[in-house]
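Please read them alongside the sequence and the coordinates.

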Amino acid sequence: MTELQEKLPTLSSLPDEPTIDEKGLISSAEQEASLDQDGPCESQDGESVYINGAPVITDGKDVSKYLVDLRDDGDPPVTFRSILLGTIVGGLGAALFQIYIFKPVQVSVSTVFLLLVIYSLGLLWSTILPNRSSVEGTRYQWLGPTLHIINPGKFKLKEHVISSIIASSASWGSTSVLNFAVQRLYYDTKVHATTAILATFSTAVFGYGIVGLLRPLTVYPSEMVYWFNLPTVSIFQALHFDTTANHKRVRLFWIAFAAMFIYEILPSYIFPLLNGLNIFCLTSRHASPGVQDVFTNIFGGTNANEGLGLFSLGFDWQYIGSVFMSLPLIQQANTWVGIALSYVVLAGIYYSNTWNESINFPCSKSFPMLSTSIFSSNGSLYDQSDVFTGRNFELNQTALNEVGLPALTGSNAWVGLTGSLAIGGLIAHCIFFWGKYVVSSFKHARDKTQPDPHWVAMQKYEEAPWWWYLLLLVLAFFAGLISVLKGETTLPVWSYIVALISGAIVTPFSTLLVARMGSGIATNQLFKMIAGAINPGRPVANLYFAMWSHDVVATSIGLAGDLKMGQYLKIPPRALFLAQIWGTIIGAIVNYVVMISVTGAQRDQLLDPIGSNVWSGQVVQGLNSEAVTWSLAKELYGPSGPYFVIPMGLFIGFAGTAVHWLIHKRWPYIGPVKVDKVVLPIIVAYTSYLSAGVNSTVTSCILVGLASQLWLRQYHPGWYRKYNYILGGALDGGAQIMIFILSFAVFGASGVSRPFPSWAGSPKKGNIDYCNGNGALD
């Protein structure tokens with residue numbers, strides 16, 4: 001999720017008697033102080049604000065000073081144990097990630113879950129396996145050095161972090177693998193192993209090189225927080241710096257993990273109605289067809305692309321997740337504004353039936369309300385194979401004249417518009433609101449005067465030198481160049497170079513937003529626009545253009561967040577660098593293997609524009625739809641095209657944020673709201689939140705956020721500090737492991753599907769939630 005990183009201070013959510021050590025840092029037991037990013041108790045003139053003797057965390061400087069401990073035990077980070085555990089758990093995380101790509105709702109693999117599994121395995125390893133002391137004074141003493149390599153003793157913080165970085169890097173995913181899936185499904189092209197390996201390596205590593213050069217801007221300064229990493233940092237320090245509570249924490253983790261592991265089989269397989277209970281759906285079973293259609297569109301949402309899911313309650317944790325247990329309440333509330341607008345806007349677009357009607361182009365009601373597929377004017381799926389022909393799948397103008405232009409659903413067109421608005425707003429926000437900060441950061445880097453205490457503490461370690469990152473850029477460039485020249489990318493060399501340059505330009509803007517606000521804006525559409533302009537009529541080439549440009553941004557953000565976590569936890573930069581590279585390679589291999597398995601076994605389901613409650617091709621459908629439509633940029637997005645407003649959204653979004661900045665300069669506060677803390681691009685982006693997938697869990701996600709961030713944090717702050725993140729990671733892990741097993745055992749990921757027998761909680765015909773309009777029973 002992407003939200004504003006703000007929290008309101010609450011007296012009861014702060015420690016009653018914080019312990020301050022001689023360094024001025026809150027001890028590990030008190031590190032979960034209230035996060036209040038520029039709330040009413042904002043710091044003035046650089047001075048920290050205290051409530052009941054505890055500091056209120058208002059910005060990155062307070063995080064560095066109070067929330068994250070400066071402690072550094074100097075333990076070795078890279079060991080045989082840390083690498084092996086990271087590799088095994090990383091392989092599992094990568095497999096889970098790729099499976100969820102083909103699910104109705106895309107869920108990231110919980111980093112907290114990965115680190116807690118590694119912690120438990122690390123403790124078991126250190127306890128059970130023999131070590132050097134086991135053979136000292138015996139005739140087997142000569143085995144001591146070998147045993148020390150296998151089991152160096154106590155499983156400490158830096159070993160733990162390195163293992164977790166390998167695992168999380170492997171679980172990050174790669175756009176290149178999704179491109180290979182699109183080619184297999186829509187173009188009957190099986191990418192050769194050489195192309196797959198080189199392209200995946202190139203896309204992953206080039207982003208690493210870019211962010212390495214941007215470290216003075218995106219990593220070193222205090223304001224570069226990467227708020228989504230704070231729960232992870234807190235858990236690392238709690239597990240290794242506050243050992244008295246570890247037993248109870250680990251015990252809670254495994255109890256919650258086991259309970260969710262067992263429970264998850266109910267909503268996902270035996271009793272899928274639990275995924276979306278809606279009173280309107282249940283009471284409309286005997287309504288007229290017209291009423292059923294409306295109710296399905298508005299209240300249905302258990303099946304993929306069924307409806308908006310208004311007032312549905314979902315009890316399937318795989319689609320809820322722990323992210324709402326870690327994001328601040330005010331941050332989540334900002335996204336709720338966008339989601340509330342999403343209900344209104346998407347329903348309005350569909351039922352007004354006015355999208356481009358004036359230029360005789362198919363209207364919204366000609367197609368499904370929600371879908372990422374492309375259609376012909378008669379409402380059938382667009383047959384792109386008739387239009388894009390030849391070895392390079394280039395546009396056949398004669399065939400296009402006969403078949404006609406493809407059309408987007410109203411919801412998919414709205415996704416495109418909000419994406420453009422958000423990208424334009426993102427660039428403007430970084431320039432107008434954060435421009436002075438950028439200049440200041442590079443001055444600090446040049447003068448070596450960076451004031452962040454954690455950066456200062458890291459100076460005793462050898463930094464990964466600049467030439468390492470430059471070498472990565474060179475290697476990535478030539479790996480990609482070989483795949484372009486010899487592989488099935490159909491991308492011209494000059495276009496490949498433009499893609500890399502485009503990604504490098506956008507990277508600092510996106511990274512700044514994520515680092516400061518914990519929020520991101522999808523920039524993939526911007527690159528699709530550029531690709532359509534310079535590679536007209538070539539959808540496969542556009543796929544690869546967007547891959548090389550967008551993956552630079554995505555991998556840069558992931559690496560920068562890991563580098564910041566390494567700075568907080570005092571991980572030697574060179575060890576961290578190698579861990580990330582190794583994790584990325586593991587992830588690419590596993591992603592590719594799982595993709596081949598699922599696309600082969602579930603091809604028809606993935607090509608279906610609606611999908612099911614188990615499998616959905618909405619991600620690869622969306623990639624293909626964008627590649628096809630943007631390859632017809634002149635016809636569809638030009639001044640005379642039906643979707644001209646979508647590229648114009650870049651300029652509208654930029655102008656809107658510029659006006660927002662002017663309002664901020666004139667009226668810094670409007671009522672209780674501090675104007676410069678409202679990030680319009682994020683709110684706009686969430687107005688298309690409900691445009692595809694399963695929407696029946698939205699209300700449940702909001703309730704989980706309220707329960708964690710309002711009830712637990714405010715009324716049970718001690719329990720919240722000790723167990724909130726642990727519990728979330730355990731629930732994620734239990735659900736995701738069960739889904740991994742079910743995917744291959746009964747859902748057909750390996751080729752054989754074994755559906756559960758039909759009963760009231762798992763109807764064989766129609767939608768799971770009994771909203772059976774739009775021909776669901778046909």
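1. Lys 528 touches Asn 542, Ala 546, Leu 623, Glu 626, Ala 627 and Trp 630, leaving aside residues up to four places away in sequence; a contact here means heavy atoms within 4.5 Å. Lys 528 sits in helix α20 (residues 524-534); helices (H or I, at least four residues) and strands (E, at least two) are DSSP runs, numbered from the N terminus. Is Lys 528 buried or exposed? At 1% relative accessibility, Lys 528 counts as buried, where buried means under 20% relative accessible area, exposed over 50% and partly exposed in between (1.4 Å probe, protein chains only).

2. This is a predicted model, in which local features need pLDDT of at least 70 and side-chain atom pairs count only at pLDDT 80 or more, while totals for chains, interfaces and linings use all residues. Residues are numbered from 1 along each chain as its sequence is written, and side-chain values use heavy atoms, with hydrogens and water left out.

3. The chain has 29 helices and eight strands. Of its 778 residues, 62% count as buried. Among contacts with a separation of 6 or more, 80% are between residues 24 or more positions apart.

4. The count of disulfides (cysteine sulfur atoms within 2.5 Å) comes to one. The bond joins Cys 281 to Cys 771, with an S to S distance of 2.0 Å. Cys 281 is in helix α12 (residues 279-282) and Cys 771 in the segment after α29 (717-745), so the pair links distant parts of the chain, 490 residues apart. The torsion about the S-S bond is about -90°, so the disulfide is left-handed. Cys 281 is buried at 0%, and Cys 771 is buried at 1%.

5. There are 29 aromatic pairs; rings of Phe, Tyr and Trp (its six-membered ring) pair if their centres lie within 6.5 Å, with planes under 30 degrees apart counted as stacked, over 60 as edge-to-face and the rest as tilted. Phe 80 and Trp 125 are edge-to-face, at 6.1 Å centre to centre and 65° between the planes. Phe 80 lies in helix α2 (residues 80-101) and Trp 125 in helix α3 (residues 111-128), so this pair ties together parts 45 residues apart in sequence. Phe 80 is partly exposed at 42%, whereas Trp 125 is buried at 14%.

6. Phe 432 and Trp 661 have ring centres 5.2 Å apart and planes at 25°, so they are stacked. Phe 432 belongs to helix α16 (residues 410-447) and Trp 661 to helix α26 (residues 645-666).
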